[in-house]
Amino acid sequence: MELDITDELQAYFDTRGIVVLNACPGGGKTTAIAQKVINLEGEYKSSYGNHSGIACISFTNAAKDELNLTYRQLCGRSLQYPHLVSTIDSFINTYITLPFYYLLERNFARPQILESNARLDLFWKTKYTNKKGQLMDGLKNPMNSLKAKSGRSIYYQYLPSTIRLEPDGSYSVNGNAPSEEKVDLAIFEKYCKYIKGWQFENGLITTNDSAYIALRLLRKNPRISKWLSSRFPHIIVDEAQDNSLMQHQIFEELNSQGLVNIEFIGDPYQSLYEFRDANPQLFLDKYNNDDYTGLDLSNNRRSPQRIIDCFSLLRPETERTIKSACTTDLKESILVYKYKSDDRGDIIGHFEEYCGNKGFGKLKVVVRGNSMRNKMLGRDAQQRPWHNQLAYDLITAKIEYDDRNLKEAINIARNIIIRLENRGLSFVDFGHLRADLKTDYLYNARIIKFVEGLPELSNTVEDWSKLCPAYVKEALNLDYDIDFKIKKTSKYFAKATRTDPISAHFNRVDIDKTSSLTTVHQVKGKTLDAILIFFDEKNHASNINFRDLEPDADGFIKEKKRIIYVAMSRPKHLLAMAFPEKITDKQLIEKFGKEISIINLD
């Protein structure tokens with residue numbers, strides 16, 4: 001791989017200290033990082049020795065893997081010790097929270113980072129017998145003594161999974177203050193302190209807890225910062241637009257305690273993780289701050305100008321400065337489909353056939369989120385034939401396996417098997433066992449064999465309800481029977497469904513589109529030949545619509561518009577969009593220009 005070094009790239013390669021690199025889509029950000037690491041390797045070896053290196057930290061595993069691949073393409077080898085490529089969560093957990101956790105808690109269980117915060121809610125549930133002898137759902141003490149203003153436990157108002165520690169030590173509900181109309185603030189704080197104290201003592205911490213603990217450890221123990229600065233004298237934070245306030249403060253703390261070289265690299269317009277506390281404004285604040293060196297990568301090497309002009313519609317007119325530097329322009333028009341609610345499968349088929357004829361091998365069809373994806377795949381089934389959740393989990397594992405989503409199938413089935421083979425296992429012990437088995441390759445191979453052998457979803461509901469429990473018992477060598485508890489009939493289970501195949505209600509529709517149909521989050525950071533984006537029919541706050549194709553008047557664009565921006569900026573050759581038929585040709589031409597190709601499949 002040859003690198004065309006522009007003035008912008010050279011400025012980035014030459015700059016040291018605290019750097020903020022604002023990189024447009026297709027600007028060569030990953031290549032720039034990989035090349036800078038190569039440039040720094042020799043310099044740092046002579047200055048710091050064989051045990052100090054460069055840490056390249058990214059937000060997702062996909063971005064981390066892309067950086068590793070690009071580095072290998074540039075220099076023909078893998079990045080090795082003492083250097084590091086890691087996700088930001090893994091870096092914080094591995095180098096700060098887990099090794100120094102003992103400095104925070106004297107009496108504690110082995111710390112475990114929870115994969116799902118929702119599991120925290122299960123700890124406090126219990127069963128009790130009422131005065132009539134009936135078994136009822138309840139809460140463990142002291143939850144019942146901590147009341148909201150409604151008279152019920154605060155638990156029901158603010159679940160433990162939503163309670164979060166903020167950098168200043170205060171408590172919030174997913175980043176928001178509790179309502180004084182719903183709860184007394186002193187009681188709320190007591191409730192939060194008890195929950196977090198119990199978590200920390202038992203070593204059950206969320207990703208946010210880990211970041212909070214890491215920040216607290218750094219502030220109280222300067223030796224940790226000194227050691228980290230020696231181990232990694234240069235830290236490059238990729239996808240920094242997705243960092244939370246807590247994560248930003250961790251790196252600011254390292255800098256204040258002596259780490260000289262920190263780089264924040266990203267694009268605020270591509271921030272998609274607000275549900276994980278991403279705050280792109282923090283990146284912009286650093287970029288515009290005189291205490292930081294702000295640099296740009298403003299030439300798009302991926303897409304022709306007509307594609308750039310489309311996603312630039314979401315930027316203010318004064319910021320539509322991205323220019324194309326791509327070397328291959330196939331002169332493909334922007335494709336615009338107009339769909340009816342029942343012909344989305346036909347549109348996907350047309351798009352894939354068109355791309356096949358053009359030789360566009362890397363293509364994706366994207367939607368706003370998994371709910372829309374599942375609906376298009378026929379997974380929004382309303383039928384609920386069983387009382388036992390196990391049946392639905394097994395079906396999901398089988399579907400994911402059949403759709404070649406092997407990692408997801410293994411994760412689902414691992415939880416199932418551990419529970420079935422270890423009945424009565426406490427949640428804490430379950431979490432530790434799951435963590436231990438996650439990297440046990442023989443165990444994972446056994447899981448694959450188990451999922452592969454599950455009865456086919458072509459069986460009727462009635463037959464599958466007998467075949468599957470028998471298979472699970474034999475395959476896992478269980479000494480007890482399994483009962484899915486099939487319902488006689490209910491609001492969500494029509495009697496006639498008994499003789500329908502499982503696939504009629506729980507599998508994908510009869511179009512083999514799962515290899516290309518995905519969500520925008522899954523293609524973030526990818527370069528594709530072609531992409532088809534489905535815009536929603538209904539004007540719901542969370543949906544992406546035709547009317548969203550403009551900048552926000554009241555400041556930086558909201559996340560759902562950034563989702564459109566990311567999707568539209570992926571392709572090298574072909575951008576296609578699908579809008580509901582109510583959007584007129586005139587509206588489309590006014591928005592995208594006369595050169596677009598409008599397609600109606602009638």
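**Surface patch.** I looked for nonpolar patches and found one of about 280 Å² made by Y102, L103 and F108. Patch residues have over 30% relative accessible area and no salt bridge, with nonpolar side chains joined within 5 Å and like charges within 9 Å; areas are Shrake-Rupley with a 1.4 Å probe, counting only the protein chains shown as cover for residues. A salt bridge here is a Lys or Arg side-chain nitrogen within 4 Å of an Asp or Glu carboxyl oxygen.

**Ground rules.** This is a predicted model, where local features need pLDDT of at least 70, side-chain atom pairs count only at pLDDT 80 or more, and totals for chains, interfaces and linings use all residues. Numbering runs from 1 along each chain as its sequence is written, and side-chain values use heavy atoms, leaving out hydrogens and water.

**E332.** I checked burial next: E332 is buried, at 6% relative accessible area (buried is under 20%, exposed over 50%, partly exposed in between; 1.4 Å probe, protein chains only). Its side chain makes polar contacts with those of Y354 at 2.7 Å and K358 at 3.1 Å. I took a polar contact as N or O atoms within 3.5 Å; within protein, one must be able to donate a hydrogen and the other to accept it, and residues adjacent in sequence count only if both atoms are side-chain atoms.

**Rings.** I got 25 aromatic pairs, taking Phe, Tyr and Trp (six-membered ring) with centres within 6.5 Å; planes under 30 degrees apart are stacked, over 60 edge-to-face, the rest tilted. Y12 and F13 sit 6.0 Å apart at 45°, so I logged that pair as tilted. Both are buried. Y158 and F188 are edge-to-face, at 5.7 Å and 80°.
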